[in-house]
Each structure stands twice: as C-alpha cells, then as structure tokens.
Amino acid sequence: MAKTDTRTIANLLREYAHRTSLRGGNPYRTKAYLRAADSLTALSQPLDRIIAAGALTSIPGIGDAIADIVTKLHQTGTHPSLDKLREEVPAGVMELFAVPGLRPDKILKLHEALGVSSLAELETAAKEDRIRPVKGLGAALQTKILENLAIARSGQTQLHLHRAAALLEHAMASLQQEHPEFSRVEIAGEFRRGCELVSAFALVAQGKELAELADATLRVVVTDKKHFGARLLDATGSADHLTQLKRVATDKGFVLKGDGLYRGRKLVASATEEEIYDTLGLQFIEPELREGRDEIRRAASHELPALVRDQDLRGILHSHTTASDGTETLEAMAEATRKRGFEYFGVADHSQSAHYAGGLSLQEITEQHREADRLNRRYGEKFRILKGIEADILADGSLDYPDDVLEQFDFVVASVHSRFKLPKKEQTDRLIEAIGNPRTTIIGHMTGRQLLRRPGYDLDIAKVLRACAKFGVAVEVNAHPWRLDLDWRWHQEALDYGCMFSINPDAHSIRELDYMHWGVEMARKGGVPAKRVLNAMRLPALLSHLAKRKRTSKRISRPRATAREAVL
C-alpha cells in the first residue's frame, strides 16, 4: 500500500484522539494526540525522511508511543486500534468535535439517544427542539449548539496564535536543519500579519536557487537576496492589501509582481519591503496593518502611527494569584514580572461574587493588601505591586463591592462574567453603568468572546467605546490567546473616540505573563500607538494618573441613570 501523506496522517491522528475520548479515557492522552497532529501539519520536510532518520520524537508533542502510531499510520494508512474504534461509531460523528463546548460524553449521548451522526443532523435536531428534552443534554446545550455551529464550520483548520507560534518555530528550525545553505528564514502569511487565528503557515527562505514548496498548510518560498523583500511582501499578504498596492503601482507607472516592482522591464525595487513602499511614495506599512482597509491611503499621506511594541510596556494591570483562581502566589507573580523587566505588577484577583473562581472576601482583600505592602517595602523604588481587583459587573451594572471597598484599590478592572444572554440594550446599559462608576479604571475583555469557543455577547460596542472615552476608562486588550478582546477591528474607532487602552495578559500563572506579546500584536493590528496605552506609562506617570482618578472618585456620586444618558 502507498505510504500516506503527512496531512492525511495528521487527520487520522485527530480521528484516533477523538474516538479514544468517546470511550471516556484519559483526557490528557487525547490532548497529546491532538497536539501531535497539529505539529505534523507544520512540518517543513517530508515525513518519510523524518521517519527514516528516526527523528519523529524531535517533533514537538511526539514521544515514543505516538511515534509508533504515526509510523504505523504512515506505512499502512491505518492502525489496528483505530480500526477497532471505527466499529463503535460512524465516521460522521467525528464532525461533532468541531462544535465548541461539546464534550465527548455529550457527543456520544447525542449519537446514542438521537442518532446524530453529522453536523447537518445535529443542526436539524437542535432546530427541531429534540435535544432539549433528553436527560443529560437539555435546553442550555441545545442553545449552545445552535450558537456555535457557525464557529464549527469556519474554524476547523484554525489555530490560536500561541499554538501557531510553537509550530512555526519548529518548522523554521527543521527547515534550517534540513537546508543549512539557507542564510535567512522569515515567517510570512497570516501569522506575520498578527491575525488572531492562523489557518496556514508561510515561510520565506534566502537561498541560491528559486523554488516554492507547498502543501495545504505550509508554504515555503525560496528566493535569493535580490528578490527577498518582494517575495516576503507577496507571501505576507493580505490579498486585499496586495491588490490595492498593485493598483497604486499601476497608477504611478509601475508594475508590482511577486518578485519585485518594475518600470517597464526594469526591476526598480525588490531587495526589501521598505524599498518597495518608498519607491511608491508610501510610508512603510507594518505587516499587522496589511488588511486592505485604509492603510494605503494613510500611508500615502504619511499618517500611520508608530505602533506600540513589546518594549514600550512598563507593567501589567490584570493578573491573578492563588488568592482567587491563579496557580502562583502574589510574591511569585510579582517577582516573575520584575524579572521580565517590568516596573509594576497590578494584581487583579476575582471579586466576591465569582464563587467559581475563589473571589476575594473583605478579609482576603485586607490580607492581600498587607502582603503587597510588605513586598513593596522590600522592593523600594525599584518595583511596585499595585493593588487591584477584577470586579464583576453585576446585572444592573453595579460593581461587586461597595464604594468604600473599591476605594481601597489602586485600580479596578470591571468585567462581565455572568448573564451573557441579556438583550443587547440591557447588556450595553449594564457595561455603560459600570464604566460610569468613577472607581472603574479599565473595562476588562469587553465582549466576552472566546476564539473558536463562543462569540461575544450582544453589545452596542460603539456606544460602549464612546462611554469609555467620555469617562476616561481604558479599554482592555486582553492578551490571552483564547480571548484577544477587544477585537482589533474596533481599535481604530476607539482611537477616534479618544479611548485609552490597557494591554493585559489576564495571567493565571507565571507562564501566562508572556501572553502580553499577543496583546501587543492585537493592538498593533488595530493601529494603536504606545501613547494611547495605559500601561506604557512609566510608574510615576501611572501612579499620578491613578491618584487623580481616585481623587475624582471620592468627589463624584453619580445617579444610576446618568452614565447611560451621558452617551446617548
């Protein structure tokens, strides 16, 4: 039998993982199979060569056991255990794993109780109200299925940024190992543009011979030094940006091709992207902005801002500790933040209504503040722990502590964690009421979306942004790769209204502090400059800003309807 191609093997491994999970086995084993399948899709060299070299275990997520499974799948196109598992449920049931929030036990129940064996049959069952009456399924699951079917159909091949980054890092390393003659390898495509989800990988390599290697997931463009910039530009995209750029070139008497910018037959710019944009009379357009919106018009007028960078951020203003649902102590999180070069760490554990997340009681607030004071005495002027809270926005828009408690904090992140299904007007009024509270500093993960899991709640985002601008409340760019909320497509409108931003990792562990980078990527994609980011302020400036807001909050007592009326 002919050996199976890499993408097919990855799909077979995913099927193996899903079928195993239907048996109620170890969920970590299922996740390991899925991670290994993702790693296979990012290979930059033929799988048969890797197997022949005995190097399968060098691929991220593939140990000896999975390597044996992959080898068998490659040699025969199947596996004895997979064949046995296939006898238990039809192939179409595997489609249901694409629906966010649909666990293996629920999938099995849907198949056994209702005969559901495909996404189409699942949708029909939900629309016909046949899921709601089944014990163990119910109305909530039926509603979630109807909401998430669109995500299932659109996101089956997409990866979150942090996962895509790990696979691309391995792809680059393996490409350079296989081709030591490549003097330079750069990431292109969706990842370079900072897209919040990545469906295909692209690399551009500098070598002596021109070539292009591509499959359904990974594209490798090999070019020489003379044409590197043009090839990188072309492989980065987006298609809309390149179409508009070619139109500009034509209007100015040039022709933009994949290998460079020409005037007639003469190649006039190709070595660097900067050279191409400059020859066209355009300000350099950062990759994150290349989506075919208005970036070329603004570049022609030299109106593009200097985008925020990782090194512009001076501190963190939304992270959790063991006091609520984090995995590290306040001291450990603060020290890890300090070692990363930041000037301040803003702890923002959950508030008292968040029972599911160990929200802080009044006594626990006192204890945490005492600990912060102790650590700050040790740090002196070198570093500061700021006392914050992630206060739940209750259904009526009030915050989850009385005013006298809220005033004890240096800052307050106000977030929605419940009642996602409120009607649009009520949800909008709820957020505006919280924003109008003079003790609110930052509005956290504004829409509540989770990428590939759930859409954001129904909200008049423009009205909420106008409220943030009016009351001086920063809009969070939640850097957790499952959130990346607020969506970058709203950032320019927020800037136009006059909003400030705050880029935060929503970290629950030391490792997650590094999610800050993905928030920077989203802010860059939205066109945000450092001067409009709250935590790009140096510590003295931020302390002055926070102190001013606290003085204002002590003077203001706003009637409930005033905040909503102010932005109508």
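**Exercise 1.** Identify which residues lie nearest the centre of the second largest pocket, and what lines it.

*Solution.* Start with the lining: 22 residues, of which Glu-186, Ile-187, Arg-192, Pro-287 and Glu-288 lie nearest the centre. A pocket here is an open set of points on a 1 Å grid over the protein atoms alone, where a 1.4 Å probe fits, with protein on both sides within 12 Å along at least five of seven lines; lining residues have an atom within 4 Å of a point. This is a predicted model: local features need pLDDT of at least 70, side-chain atom pairs pLDDT 80 or more, while totals for chains, interfaces and linings use all residues. Residues are numbered from 1 along each chain, and side-chain values use heavy atoms, without hydrogens and water.

Next, sort by class: nine nonpolar, four polar and nine charged. Nonpolar means Ala, Val, Leu, Ile, Met, Phe, Trp, Tyr, Cys and Pro; charged means Asp, Glu, Lys and Arg; the others, Gly among them, are polar.

Last, find the top contributor. Helix 21 gives the most, four residues. Helices are DSSP runs of H or I, at least four residues, numbered from the N terminus.

**Exercise 2.** State whether Thr-143 is buried, partly exposed or exposed.

*Solution.* Locate Thr-143 in helix 8 (residues 138–154). Then apply the cut-offs: buried is under 20% relative accessible area, exposed over 50%, partly exposed in between (1.4 Å probe, protein chains only). Thr-143 has 39% relative accessibility, so Thr-143 is partly exposed.

**Exercise 3.** List the contacts of Leu-313 beyond four places in sequence.

*Solution.* Contact means heavy atoms within 4.5 Å. Leaving aside neighbours within four places, the partners are Val-308, Phe-342, Ile-503, Met-516, Val-520, Val-533, Asn-535 and Ala-536.

Notes:
Helix = DSSP H or I, 4+ residues; strand = E, 2+ residues; numbered from the N terminus.
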